[in-house]
Amino acid sequence: MTPSRSERIAWLTTAAMAWLPTASAVNARTSTPPMGWNSYNYYGCSPTEEIIHTNAQGLVDLGLAALGYVYVTTDCGWPAPDRDSEGRIQFNEDLFPSGPVALGEFIHGLGLKYGLYSGGGYLQCGSTDLPASLGYEEIDAQTFADWGGDSLKYDNCYPVNNVTMADYDSAESGSPARFQTMAAALDAVDRDINYFVCQWGVGQDVGAWASAIGNSWRISNDIYNAWRSIWRITNEVVPYYKYTTVGAYADMDMLIVGLKALSLEEERFHFGLWAINKSPLGIGAALDTSITPQDSLDILSNAEVIAINQDSLGEPVKLTRRYTEEEYDLWAGNLSDFRIVLGISNWRNNSQTISVDLASILGVASADVRDVWAASDLGTLSGSQTFNLAGHELKILVLSNIASSSSTPKAAGYYSAVSGALAGQAAVVTCSANTCLPTGQKVGDLYPATSSSLTISSVSAATAGTKLLGVDFINYDIALATAWDWGDNTRNLTVSVNGEQAKRWAFPISGGDWSDTGRLLIEVDGFAAGDQNEVVFAAVGSNPAPDLVGFEIFE
């Protein structure tokens, strides 16, 4: 007797939970971040056969396929409301009259990859009656293979019932079990299908479990058509470098380049920051020059930026320095052939001049430097370099023929947060084993309303002036439901030394839960030579500050 849908769901959930401790993936992996086109950002949940044909052809005709954009994904809205008599999911015949196999053959005929879409809940996103794959994982995986599918984007809507589409709080929404169940089902079919996990970063340790099963995994709530969405997602991707490697890529969501939501400078910033973080590059614009500006298509076609994204080393950049009040960040990471990529992101609305000391920040005595967006060689540079950036510009530099420097700052002492004096509501918290590293304790409840602060005295400095501090902090205040209005994935903190004017710093997400420590490198002035320096960390604004574990001072 064929089991009922509810019986199948219960059995598969139990099986997935039993499988959790030894979860490992054998599903197909791309050696570089996936690139392609997805129907959702421009067409929403209303795809048709004609739309998919037109845009697949557009990838080829506009030269994008030759640059690596090969996955063509029909996102939400493609199925019929009912499965067939054998439980197989079906394409909507009115929207796709030729059927799924013919659609795949058309895409394959263009030399492209056939991307499919479903989800781990009761219904697909954006619908009230279109089936997802919960309880039908094995059937659907085989069906997708029979259709000739090359990839599966697997979403996270309706996790609890068929009423609430987006749920960020339930155990089901944050659980890896359903995504692991589909991973196992894909592994079992006789076809290589790349698995693109779209769980939105809900729940704990997403990077750890999702990188084990997915070719890519979404780290955030949906991108939307506004500049502030770029800031929000940027602050959430920061800790995911720990899990990003060849075959496992943190997904910052589809690109909004070409949707006329950003200026051209902002589109370059957006595209470039996704590229250097090794995010998959999924075009969301219509591939039609009568709809999408040619300037935007040129950004998507920048071969040098794409080459950084597709670098064989598969290593993302790290947030190397943050200058919150000055409104810029420095990002750096390794490339193949002993090169380094440096990103200078100007968050300011206006232009500004930014100085970068190659030796102290990158450990580079000299290097040949290429300005990627300008497509120009800057020659052999050394020491402190000054760059003029337009408002919302991301300058991308590639350094090669590097001579190393020994003048990088050296650690000169560590000070735990719990060794300091607390004020206001601030409190010491003892963490569970192997968390809140390196001390196993943290200071939390730093609330602005109670003037909460942490003061650490007797801090030693060999010389006076500005020092680099590596602040170990914890922030898991992820913008999920708040992503659509004010959420930005940061918590603010001021730092002052010896009574000097305090400066504000925006701390990004640190890791997978409220005990996962991150480190932010900041430069703070006001130190005196000797061992009587006093450093004060204080809550500011209307929201709590990040929890603090301690800081290291560098000389």
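User: Where is the place of D205, between which strand and which helix?
Analyst: This is a predicted model, in which local features need pLDDT of at least 70, side-chain atom pairs count only at pLDDT 80 or more, and totals for chains, interfaces and linings use all residues. Residues are numbered from 1 along each chain as its sequence is written, and side-chain values use heavy atoms, without hydrogens and water. Helices (H or I, at least four residues) and strands (E, at least two) are DSSP runs numbered from the N terminus. On that numbering, D205 is placed in the loop between strand 5 (194–197) and helix 8 (206–213).

User: What is the phi of D205?
Analyst: Most residues other than glycine have a negative phi. D205 is a residue other than glycine, yet its phi is positive, near 55°.

User: Which peptide bond is cis, with omega near 10°?
Analyst: Most peptide bonds are trans. The exception described here involves P438, a residue of the loop between strand 19 (427–430) and strand 20 (441–444). With omega near 10°, the cis bond is the one from L437 to P438.

User: How many residues of domain 1 are in contact with domain 2?
Analyst: The domain assignment, from an automatic or database source, gives domain 1 (35–310), domain 2 (318–404) and domain 3 (411–554). Taken over C-alpha atoms, the centres of domain 1 and domain 2 are separated by 31 Å. Contact means heavy atoms within 4.5 Å; 22 residues of domain 2 meet this condition with residues of domain 1, whose number is 22.

User: What area is buried between domain 1 and domain 2?
Analyst: Buried area is the accessible area (1.4 Å probe) that two parts lose on being put together, summed over both. Carbon and sulfur atoms give 76% of the area between these domains. On the side of domain 1, F269, E304 and I308 lose the most area to domain 2, together 29% of what that side buries. The area buried between the two domains is about 1900 Å².

User: Which residue forms a salt bridge with E304?
Analyst: A salt bridge is a side-chain nitrogen of Lys or Arg within 4 Å of a carboxyl oxygen of Asp or Glu. With the closest N and O atoms 2.6 Å apart, the partner of E304 is R370.

User: Which helix gives the most to the side of domain 1 that touches domain 2?
Analyst: Helix 9 (227–237), helix 10 (264–276) and helix 12 (303–309) each supply at least two residues of that side. With eight residues, the one that gives the most is helix 10.

User: How many residues apart in sequence are the parts tied together by K153 and D75?
Analyst: The salt bridge of K153 and D75 has its closest N and O atoms 2.7 Å apart. K153 lies in strand 4 (residues 151–155) and D75 in the loop between strand 2 and helix 4, so the separation of the parts they tie together is 78 residues.

User: Which cysteine does a disulfide join to C45?
Analyst: A disulfide is a pair of cysteine sulfur atoms within 2.5 Å, and three are counted by this rule. The link of C45 is left-handed, with -80° about the S-S bond. At an S to S distance of 1.9 Å, the partner of C45 is C76.
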